[in-house]
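I opened a new page for this structure. The entries below follow the order in which I looked things up.

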Amino acid sequence: MGSSNGTVTDQDGIYKLDLPPGPVKIQISFVGYQTQTQSTTVTAGNTAPLDFSLVEGSLLSEEVVIVGTRSTEGRSKIDSPAPIDIIQAKDIKATGQVDITQILNFVAPSINSNRQPGGDGTAHIDPVALRGIAPDQTLVLINGKRRHGSALVNVLGTPSQGSVAVDFNSIPVASIERIEVLRDGAAAQYGSDAIAGVVNIVLRKETEKVNVSSTVGAYNTSFRNKTDGALTQFDVNYGFGFGKGGFLNLTGQFNSNDRTNRTGYYELANRLTGAKQYWFSYPTGTAQETIDAQELSVDRYSSGNSGNSKQQSGSLFFNAALPLGNGAEVYSFGGVTSRTSNSRNNAYRFPNGTSTLNSVSSRYFPNLYPNGFLPENVGVISDKSITIGVRGKKSGWDIDLSNMFGSNRVQYYVENTLNASIGASSPTRFNSGALQFQQNTTNLGVFRKFTDLSLGKSLGVAFGAEYRQENYKIEAGEPDSYRNGGDRTYINTVGGSLLPPPAFRPRPAGAQAFPGYQPSDAQDQFRNNVGVYGDLEYDITNRVLLTGAIRYENYSDFGDKLTWKTSTRIKITEDINLRGAVSTGFRAPSLQQKYYSATTSIPQADGSLLLSRVSNNDNQVTRAFGVPSLKAENSFNLSAGVTARLFEKLTLTVDGYQIEIKDRVTLTGFFQTTTSSTNQTVRDAAALVANLLKDYPDVNSAQFFGNSIDTRTRGIDAVLSYRTILGNGTLNLSAAANITRTEVTDVHVPSGLVGTATQDVKDYLSERIFFDRLQRGRYERGTPQNKLIVSAGYTVKRLTPYVRLTRFGEYTAYASQNNLDDPNGARDQEFSPKWVTDVTLSYQLNSSVSLSVGGNNVFDVYPDQQILQNNQTGALPYGTAASQQFGANGAFYYGRVAFTF
């Protein structure tokens, strides 16, 4: 022990170690058996036997977790009063995934995370949602300390729209010892955001080892017989000890992912209406004739990009502790990550005229891009964090004082594009501005466990305080990225009807695909909050545990909140437990939700673009629409479950839950300035919106953040694990499932919404726009309603085959019904369940080298293609709506080699 000298046995259990003379300790371990240690003395020149008799070890149920308890001793997950998943490093390796978001998606049934095809910032930072709740309603910790959020607020039309996620993929996988997922409300224990639960990432602490691994792979799919998305990952982890118990563990990681593309064939005639998509036009306006497909020198299979973005990233993380004596130590951890993500837009700008003013091709300027162009959104993400603290004992109390600083910055560029309003002199690359979020948290925690009680077995008492400061910035882009240059364009058709020449229209302003942040968008906002808490864990007897927590927080921008939680665990027998919890929670609206504003280009199903203005919550336009200031979300959680250890080798946990959330913050539907409807109410509404947006003449739609809805989420989690010795190896079987249903129970339309409008217009904007059925569908049916994961692994000697089957349940993409002329929802689509199969084969060559080969989605399964109404051009068979189960990239194959020294 204490050195890197090691070996593996042969098939008969025989091993040999060459050691220097003197006293030594030999430690042996094997999956499914207890780790054992024996001492002996090595004599120079002699060979001495040292035999071990293997004893079956504890089951997975005995894994000890820290999240969910203030006790420094932790509890086994089967004895915890709340459900907890533990994802060990070996489980992470078995997934074949190389980033945390996808690891969680394929290991934890209650978690959903998918890369979004195309789009803007959501293509660069993957959101993670727990139990069907928004990403920002799950708290993320590292080593038990609050992790900062990302600067990005999701505004693209995905189930995470309107939320702010933590950038999980800024944490290198190679630095992780395990991931703990607490599936229960914990705001009273940890503060704002922990409505759905907590994800705690525990960093590696091992020393005297160098771990190196390299993974390469690519997608190879039957879709157009493509091979793309090449992956290269290289990581190094090294830890060394110093002093009496001190350590420093370092991790470096490099990732390179090429883009994938699952774009379909772009039809020149609209597949739904039969109308020509594009019309030939001359700047002089003298020609009025349609263009034949042969005249386009464009690969219409490349008329967009629907798939993963191209990314490169590098990370350096550390975890350290330095003993001070008398049981005290200084500790620190953190890291830096830089990632560049290039996401091609999903709408090609063709080289000819247009059927409508707002169609994507109307942004074209011929002498810059003779064959048209496909804009590229580039995000440069910089993430930094550092925590330093001191902990120890004083008069029997465990005391922990720490300070955590974190920063996330997203710098945006848009390339291979233009600002059509500038004309022929337009640049083709723009600095579109930047977003930045910083958080500094100072925390004091005190804990003591009392065991000398006259009544009860033990009592854990914890209390503490926290001060947090946050800063959110929006930096404006270069002027050419947003300004209106005043140039005009010739358009010879509107709505498919030819116009008599000349027919000129102003060219739209701003860089196409991502108009830059304007000076009016720029922000530099601060806030702070103070929190205090108390926490009790009372083991009344060996069989009954009762816990209680209370927390008070005061925010400088919205006020204060008191939350509480109580839970219990009752041992019916030594192997069967009942558990349950009741809690309140809250989430303060983020600075990003309160102050974000921008103009966004959003491609529509018919090939047109919607230029939408997201107006920040304090803006005068927001107030003119009657949308009030944001306030905190409030939750009430109930959970109950049973855990059982059956036949010593089989464990089962089943937990039901209900989460009620009041005043959820959402991004509204689109208040549009134009319409093709013949309905007078719709036309009056558009005219009213146009008047309210008169200060933004270059946009034709507006959205706002508001406390729009109440929801109720109900579900069941079940986990079954079995481990046994089978023949010469160890067999591990598991099955885990989640069923979740969310219902929107109330919609809070602001009483002052467009207060000057007629009642018909008010009703239309309230019922069809503010929170329309498309929005409702995202919350109620927009992600898989259930997930089942079944896995099997068998370790025999040096070989470990592993198979995982994941069933992603059905979900529905709803269409907006804001057009009173067509209220029947013909564009709704239900996506059917799909099974995905992953296979890995690992072989331990010797004590230092292991090899793995595998495939994810080996049967090349795809989600259902989008129906005709939602893919009228033919270019997006697998758009955003079709990517909410497991993405749409097909089979992925990889190889990995790992070295340990």
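Before reading any burial value, I noted the cut-off: a residue is buried when its relative accessible area is under 20%, exposed when over 50%, and partly exposed in between. I also noted that this is a predicted model.

Entry on Ile-176. I placed Ile-176 in strand β10, which covers residues 176-182. Beyond its neighbours within four places in sequence, I found Ile-176 in contact with Ala-89, Ile-92, Ile-100, Ile-171, Ile-201, Val-202 and Arg-204. I also looked up Thr-251, 75 residues away along the chain; its C-alpha atom and that of Ile-176 are separated by 9.3 Å.

Entry on the sheet. I traced an open sheet of five strands with mixed pairing, in the order β5-β10-β11-β8-β9. I then checked β8 (residues 138-142), which runs antiparallel to β9 and is joined to it by two bridges. Leu-141 has Arg-146 in β9 as its bridge partner.

I listed a nonpolar patch of about 590 Å², made by Val-532, Ile-550, Tyr-552, Leu-562, Trp-564, Phe-636 and Leu-638. Strands β28 (544-555), β29 (559-571) and β33 (633-646) each give two or more residues to the patch. Phe-636 lies in β33. With 31% relative accessibility, Phe-636 counts as partly exposed.

Methods: Residues numbered from 1 in each chain as written. Predicted model: local features only at pLDDT ≥ 70, side-chain atom pairs only at ≥ 80, totals over all residues. Heavy atoms only, no water. Helix = DSSP H or I, 4+ residues; strand = E, 2+ residues; numbered from the N terminus. Contact = heavy atoms within 4.5 Å. Pairing = 2+ DSSP bridges. Patch = residues over 30% accessible without salt bridge, like charges linked within 9 Å, V, L, I, M, F, W, Y side chains within 5 Å. Areas by Shrake-Rupley, 256 points an atom, 1.4 Å probe, with all protein chains shown as cover. Salt bridge = Lys/Arg side-chain N within 4 Å of Asp/Glu carboxyl O. Buried < 20%, exposed > 50% of the residue type's maximum accessible area, 1.4 Å probe, protein only.
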